[in-house]
Amino acid sequence: MTTEAKPREEHIGSVKTYLTVGVALFFLTGLTVAMSFVHLGPFNLVVAIGIAALKGSLVALVFMHLYYDDKLYLTIFIMAILMLAFFIVLTLFDTLRRGDIYQEVARPYSSGSVMNPAAGSDTTAAGQSSADSTGSHSNATQPEQTPQP
Amino acid sequence: MAEQPGFLQHHFSDVRQQQETAKLGMWIFLLTEILLFGGLFAFYTFYRAWHPEMFYNAHEHLNVVIGTANTLVLIASSVTVALAINAIQHGRRKQTMLFLATTITLAGVFLVLKGIEYAEHFRLGQYPGKFYSYTGVEGTNPHIFFSVYYTMTGLHGIHVLVGMCVLSWMLYRTWRNHFSAEYYTPIELTGLYWHLVDIIWIFLFPLLYLVG
Amino acid sequence: MSAESISVQTEDPKVNYLNVKHGIKSWLLTMDHKRIAILYLWAIMVMFLFGGVLAMLMRLELLGPGADFMKARTYNELFTLHGAIMIFMFIIPSVPAILGNFALPLEIGARDVAFPRLNLASWYLYMTGSILAVWAILHGSVDTGWTFYTPYSTKTSGAVILMVFAIFILGFSSIFTGLNFIATIHKLRAPGMTWYKMPLFVWGLYATAIIQVLATPVLGITLVLLILERAFGIGIFDPSMGGDPVLFQHFFWFYSHPAVYIMILPGMGIISELVATFSHRKIFGYKAIAFSSVAIAFLSFGVWGHHMFVSGQSQYATMIFSFLTFLVAIPSGIKMFNWVSTMYKGAITFETPMLFTLSFFFTFAIGGLTGIFLGATAVDVHVTDTYFVVAHFHYVMMGGTIMAFFGGIYYWWPKIWGRMYNEIWGKMSAMLIFLGFNLTFFPMFIMGSQGMPRRYFTYPAKYQIYHVMSTVGSWVLALGLVIMAVVLIYAIKWGPKAGKNPWGALTLEWMIDSPPPPHNFEKVPKVEYGPYDHDKILVKPDKVGVGV
């Protein structure tokens, strides 16, 4: 049945390599559990992710043959991770800084402004909105101001 | 023209092209799996950033012993599936079957351990979402941690189950002598899938069980 | 050397992929990419008809202010369905699944796609998802808008879960098509077809496929999370359970913005083919166009927040997304300049596909430019959620993708069926579609900038004149589409027989019979010249039946 099948130029991994990596992964698992009992504050997360990344890399490069195969597969793998990181990071620009928008202070148009020369100095304390920690915009209406054109 | 092997499909010009294409297809599929799970990692990230203390308090109710055991079980299953592929690369049918069977068994152990964990959570009232009734976690909306936990481990568990089924099918086909040292692509692709399932757990484990 | 020297004639020239086997099983179990393309063609055009009828109903209601013949909730259901159907069941699959499936293997000299069984599975997934969606529509009164924003979508009655699940299935159809195309393009090119000898349609499909496989899974998980939120209240998107509704928008738009590039990139690929062929000239800036496709694919992932400028997201996110939005327009602009430059000093002919191409230049330019306007936050806060946005996206989606799609349909129709369509009526349909389209959608820019909100079924009297123009335009557009349907369907059976190369094009599909033989190329073609080498090679078009 396989008379003319071309021989595969596949890398055939060695059993020794697989077992060694397996032991290394066991060790790293123990390490990460141990490290979780050491209180490093925010660095606990960094260490945990770092060790996980190392373990994941070992599985990907050795067990999944990414080290030995066509580099296209490695590119695909890395691209997936990069895209995911991109999604999370860009969204964090919103979710982590959401509270900032509640600190905006509305400033009324000053007298002589190009947009609204007549508005002048009508604005009083109503224009000075204070940042409300519950997030309500207290600058919603300034009845003294002339309406927008 | 010399006879082409029976497994060569008509639109490929040779076996090597077919096998490389199959592998490429599987890697693209793995990319989509990474992004699928990625959404759940994102879910985790945003809510942990918003409620770090709650996450810390809630995670203490996860069983680190079982979690660690499960991690070791999955790593071992990755080793055995790699050894299974190694065996078929040398044409050793019986050895391949042995390693495949071991992988499937280890996967089963993983699911049993997970089931034990879930049962314990349910006993305490730590159900998903609006059914959550446990009062022992301090912080805002502790049920959200468990929502993250169940969705991540649940989706992962489904993938383990599917992996078990595919591995079983590979075991059957090996037994039926469909594979040889020249042709073992399906087992290789199954192995790739299985390794990804392992990698995902490698990240899930510290994020859920070992919040610092 | 001449193009005719590529001789890939089958032994029996009367056997083609259409008549090689008969019977419904030979179609429903086919693994031939050309037959799968036809299966998609009928299914997708039925969905287009359905979505179009919904639009006509909406425009009828909007003829006058106030409730004319439907309740508000009904109107909301109509626009939800119109949007969901047109986006998920029509535009996203249209070019790749129909024209891509048909022409991609031919253009790279392959006998089929990389995974023919997966290709058939994609079609079945499409059918399943579409049927489920239609069921949810007709029985489920979903009124959330195609964007399913929370918390409304988690709380409203109606078959939201079923609808969302249907789209989840459709997503997998898209993913598998993308996966198939990437593998095909990497691995199945004929000898001599280097990356830079590939037709630009193939480059467009490649860039599209990259987006399909990267973005659609995120939609998948988003829909799953939405279903879980609705069923279990897990607390990710619903504020009453501690969730964040803006987070849903992030998840949703991370897919849905790149999705619009899934829609346009294949269309742009078609335009490259058409403009070169009908100007009988080498494409200007081949590499620039090719690279810009890939650049658009990657940049498209960074701009999703421009759908959320007024959602309450942080100003830092807003600024970053606005900046990146301006960037993503640059590669599109490069393409436009290169296409127009291709026409310069060309021997231009104005067959129907070229009319659609010229329409595209006009309408896509308007659509693209108005996208830049919307990318500027200061403008967007005034016109977001108005008809300005509706006009913008119809100009890019319909004025862009659909014009290109129709041009491609007319272009490849003789190859697909071996029959030529009637050129006079074809031109008529193109002109009516162009006229009707602009009459329908241009007034929307005006009323949008004057404040007419979108998704409203009633409005103050001052907007009525624009709505009337728009509705009348929709009738002209519908007429053009009906004529087009008649022209094309008539041609299948009664059109004059078409030769191998009615247009005098140089890509590989025009070197084989019309319709193609079942296995495309009897001998693997060896590629020796580029796809647009009109300056080196002269090919005589053979419109009417010399060949088969």
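This report walks through a predicted model, its chain contacts and some local features.

## Chain B on its own

Start with chain B. Chain B holds 6 helices and 0 strands. Read from the N terminus, its elements run α-α-α-α-α-α. Its C-alpha trace spans about 75 × 30 × 30 Å along the principal axes.

Chain B has contacts with chain A and with chain C. The next two sections take these in turn.

## Where chain A meets chain B

How many residues does each chain bring to this contact? Chain A brings 52 residues, and chain B brings 57 residues. Together they bury about 4800 Å². Carbon and sulfur atoms give 76% of that area.

The count of salt bridges between chain A and chain B is 1. Which side chains form it? They are Lys23(B) and Asp69(A), with N and O 2.4 Å apart.

Now look at the chain A side. By class, the chain A side divides into 30 nonpolar, 14 polar and 8 charged residues.

## Where chain B meets chain C

This contact takes 33 residues from chain B and 38 residues from chain C. The two chains bury about 2800 Å² between them. Of that area, 74% is on carbon and sulfur atoms.

On the chain B side, α1 (15–50) and α5 (143–175) are the elements that give two or more residues. The largest share, 19 residues, comes from α1(B). The chain B side has 18 nonpolar, 13 polar and 2 charged residues.

## A nonpolar patch on chain C

Chain C carries a nonpolar surface patch of about 830 Å². Its members include Leu49(C), Val53(C), Phe69(C), Met469(C) and Trp475(C). Which elements give two or more residues to the patch? They are α2 (33–61) and α15 (464–494) of chain C. Ile465(C) is another member of the patch, and Ile465(C) lies in helix α15.

## Backbone details in chain C

Two cis peptide bonds can be picked out here. One joins Thr150(C) and Pro151(C), with omega about -5°. Pro151(C) sits in the loop between α4 (116–140) and α5 (152–155) of chain C. Another runs from Ser514(C) to Pro515(C), with omega near -10°. Pro515(C) lies in the segment after α15 of chain C.

Finally, look at His280(C). Is its phi positive or negative? Phi is near 50°, a positive value in a residue other than glycine. His280(C) lies in the loop between α8 (245–279) and α9 (286–299) of chain C.

Notes. Residues numbered from 1 in each chain as written. Chains lettered and ligands numbered in written order. Predicted model: local features only at pLDDT ≥ 70, side-chain atom pairs only at ≥ 80, totals over all residues. Heavy atoms only, no water. Contact = heavy atoms within 4.5 Å. Buried area = accessible area lost by both parts, 1.4 Å probe. Salt bridge = Lys/Arg side-chain N within 4 Å of Asp/Glu carboxyl O. Nonpolar A, V, L, I, M, F, W, Y, C, P; charged D, E, K, R; others polar. Helix = DSSP H or I, 4+ residues; strand = E, 2+ residues; numbered from the N terminus. Patch = residues over 30% accessible without salt bridge, like charges linked within 9 Å, V, L, I, M, F, W, Y side chains within 5 Å. Areas by Shrake-Rupley, 256 points an atom, 1.4 Å probe, with all protein chains shown as cover.
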